[in-house]
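The following paragraphs lead through a protein chain and its two ligand shells. Please keep the sequence and the structure in view while reading.

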Amino acid sequence: MNALAATSRNFRQAARLLGLDSKLEKSLLIPFREIKVECTIPKDDGTLASFVGFRVQHDNARGPMKGGIRYHPEVDPDEVNALAQLMTWKTAVAAVPYGGAKGGIGCSPDELSRSELERLTRVFTQKIHDLIGTHTDIPAPDMGTNAQTMAWIFDEYSKFHGHSPAVVTGKPIDLGGSLGRDAATGRGVLYATEALLAEYGKSISGSTFVIQGFGNVGSWAAQLIHEKGGKVIALGDVTGSIRNKAGLDIPALMKHRNEGGHMKNFHGGEVIDSSELLVHECDVLIPCALGGVLNRENAPDVKAKFVIEAANHPTDPEADEILTKKGVIVLPDIYANSGGVVVSYFEWVQNIQGFMWDEEKVNMELHKYMNSAFQHLKAMCKLHDCNLRMGAFTLGVNRVARATLLRGWEA
Ligand SMILES: NC(=O)C1=CN([C@@H]2O[C@H](COP(=O)(O)OP(=O)(O)OC[C@H]3O[C@@H](n4cnc5c(N)ncnc54)[C@H](O)[C@@H]3O)[C@@H](O)[C@H]2O)C=CC1
Ligand SMILES: O=C(O)CCC(=O)C(=O)O
């Protein structure tokens, strides 16, 4: 089942639990707007290269649409659509005043030079600049993009609309980025994991972790878990996977990666086959890379007691059922990885106010938002006698449905 079918299925299940009117259900599912643009750039060698860029704006009942931009070869319209829909429920679960959107360009960022990436980002921005905006749709980083990408979008957009730092979040600090945004998704994952483990009388320091992905989300999650005394015993990325039963030295691994080193060349761990990573023995498994990595093939072999969905849509519905039957507790993406969009909201607020918060305030507010969302999520699980995924979906969908009904449809 592809990401869109899976996300829509979860939405429909939640709509049924909430007893939503079928017409409202249909209207909430259809995206507000789908944008597809051709982006042609001259490569450094003078030849032309064409790419397809997407932005799906799913819903704006609760506020301007919000969501990242992904650069990855597997970006396709259905996936972007699913990710945009997830953003609508995620911003509602997090209780930030936004709707949902997502964008992407089908490309391999590792195979493009910095200047090619800059040209591609600027062309994409030229094609969508009149459809995004501080109070319309606010992009942010996702897989394959980063603060530099956001700086180029901000600069290109500002050529058309004047100085507009709040049109994107996840910017470099020097351009109005928020302190703490770079770490925010990983930090949110830490707070969410702490809240979940506490329900079972467990803690970070007494647990072992396996992490897939060592980019923005995975490396921050690993570092913060390591600082809290958690033992990261296996870790993998696109360059390979490693393990160390005594716990990997995460700061040393960060240094190794920052110097361009591949996983398999890191001396502090034993190389394992990447197919072993997700089924490795551990207390907590944290996928922080691609979607659909937990599926019916590997789910029966998962040994973790908890799965924290730091990636978007890492568990397909078949795997979800298998894991539930096995008694594995899955903390869903629309709550677990919401720390990024929460601090994006703080960045947007700071840009609009023209006032910068210190990092302590950012982290303290993030903690409050993550804990409050967890309490609301638990309450929905109790009310609807459902698992955490349905608890999160009913929480998010109900808030968006209420906002939609209050706004009405009169022309
Ligand atoms: N950056 C953010 O603030 C947020 C990101 N997310 C989600 O978190 C996930 C990761 O995003 P980022 O860390 O931002 O991306 P990133 O581009 O910084 O890092 C991606 C990581 O995934 C690894 N990876 C890629 N393909 C892989 C494969 N086949 N097997 C194993 N590892 C692989 C890469 O090596 C890299 O370590 C995505 O699902 C994204 O949608 C969710 C919320 C916010
Ligand atoms: O920070 C944001 O606005 C959105 C981040 C994102 O794309 C996500 O949460 O999946």
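Two elements, β3 (65-72) and α12 (339-353), each supply at least two residues of the shell around ligand 2. Helices (H or I, at least four residues) and strands (E, at least two) are DSSP runs, numbered from the N terminus. The shell holds 13 residues, and the closest to ligand 2 are Gly68, Ala140, Gly340, Val341 and Ser344. A residue is near a molecule or strand if its C-beta atom, placed from the backbone, lies within 6 Å of it. By class, two residues of the shell around ligand 2 are nonpolar, eight are polar and three are charged. In this scheme Ala, Val, Leu, Ile, Met, Phe, Trp, Tyr, Cys and Pro count as nonpolar, Asp, Glu, Lys and Arg as charged, and the others, Gly among them, as polar.

The model is predicted: local features need pLDDT of at least 70, side-chain atom pairs count only at pLDDT 80 or more, and totals for chains, interfaces and linings use all residues. Residues are numbered from 1 along each chain as its sequence is written, while chains are lettered from A and ligands numbered from 1 in the order in which they are written.

The shell around ligand 1 comprises 24 residues, of which Gly215, Asp237, Ala289, Ala311 and Gly340 come nearest. Two or more residues of this shell come from each of α7 (216-227) and β7 (231-237), and α7 gives the most, with three residues. Ten residues of the shell around ligand 1 are nonpolar, twelve are polar and two are charged.

Eight residues of domain 1 are in contact with seven residues of domain 2, where contact requires the C-beta atoms of two residues, placed from the backbone, to lie within 7 Å. On the side of domain 1 that touches domain 2, α1 (3-18) and α3 (77-94) each supply at least two residues. The largest share of that side, four residues, comes from α1. The side of domain 1 that touches domain 2 has six nonpolar, one polar and one charged residues.

Taken as a whole, the protein chain has 14 helices and twelve strands. Its radius of gyration is 20 Å, close to the 22 Å that the globule rule gives for 411 residues, so the protein chain is as compact as a globular protein of that length. The radius is taken over C-alpha atoms, and the globule rule is 2.2 Å times the number of residues to the power 0.38. Along the principal axes, the C-alpha atoms fill a box of roughly 55 × 55 × 40 Å. Of the 411 residues, 52% count as buried. A residue is buried if 20 or more other C-beta atoms lie within 10 Å of its own, exposed if 12 or fewer, and partly exposed in between, with C-beta atoms placed from the backbone. Among contacts with a separation of 6 or more, 68% join residues 24 or more positions apart.

Thr185 is placed in helix α6 (residues 181-199) and counts as buried because 28 C-beta neighbours lie inside 10 Å. Beyond its neighbours within four places in sequence, Thr185 is in contact with Asn216, Val217, Trp220, Asn337, Gly339 and Gly340. The C-alpha atoms of Thr185 and Val342, 157 residues apart along the chain, are separated by 8.7 Å.

The buried residues of α4 are Leu117, Arg119, Leu120, Thr121, Phe124, Thr125 and Ile128, and they pack against β1 (33-42), β2 (48-59), β4 (100-106) and α5 (147-161).

Two backbone details remain. Most residues other than glycine have a negative phi. Ala95, in the loop between α3 and β4, has a positive phi near 60 degrees. His313 is not a glycine and has a positive phi of about 50 degrees; His313 is found in the loop between β11 (306-308) and α10 (317-326). Ala95 is partly exposed, with 17 other C-beta atoms within 10 Å, whereas His313 is buried, with 25.
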